[in-house]
Amino acid sequence: MKVKDPVCGMKIKIHEAAEKFEYMGKEYYFCSKECSEKFKSDPNKFIQPSKKHGCCH
Ligand SMILES: [Zn+2]
């Protein structure tokens with residue numbers, strides 16, 4: 001099972017995640033400690049509705 005690192009957007013496997021953080025009842029996984037620190041300092045900045053204008057994958 002793969003998850004997305006909300007900070008850098010990298011796809012990682014859960015068991016390979018460097019850090020895990022629970023926020024608002026959801027679990028988030030990070031590729032590195034650095035990403036998790038960024039997330040913890042301002043989670044709302046990284047949790048965005050998928051409606052955001054931007055690329056289309
Ligand atoms: Zn990352």
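I began with Glu 19, which is buried at a relative accessible area of 19% (buried means under 20%, exposed over 50%, partly exposed in between, with a 1.4 Å probe and protein chains only). I kept in mind that this is a predicted model, where local features need pLDDT of at least 70, side-chain atom pairs count only at pLDDT 80 or more, and totals for chains, interfaces and linings use all residues. I also noted that residues are numbered from 1 along each chain as its sequence is written, and that side-chain values use heavy atoms, with hydrogens and water left out.

Next, salt bridges. I counted a side-chain nitrogen of Lys or Arg within 4 Å of a carboxyl oxygen of Asp or Glu, and the structure holds three such bridges.

I looked up Lys 33 and found it bridged to Glu 19, with 3.7 Å between the closest N and O atoms. Lys 33 sits in helix α1 (residues 33–41) and Glu 19 in strand β3 (residues 19–23), so this pair ties together parts 14 residues apart in sequence. For these elements I used DSSP runs numbered from the N terminus: helices are H or I of at least four residues, strands E of at least two. Lys 33 is exposed, at 53%.

I then checked Lys 40, which is partly exposed at 34%. Its side chain meets Glu 19 in a salt bridge at 3.8 Å, N to O. Lys 40 lies in helix α1 and Glu 19 in strand β3, so here the linked parts are 21 residues apart in sequence.

Last, I found Lys 20 bridged to Glu 27, the closest N and O atoms being 3.3 Å apart. Lys 20 is partly exposed at 48%, and Glu 27 is partly exposed at 39%. Through shared partners, salt bridges join Glu 19, Lys 33 and Lys 40 into one network.
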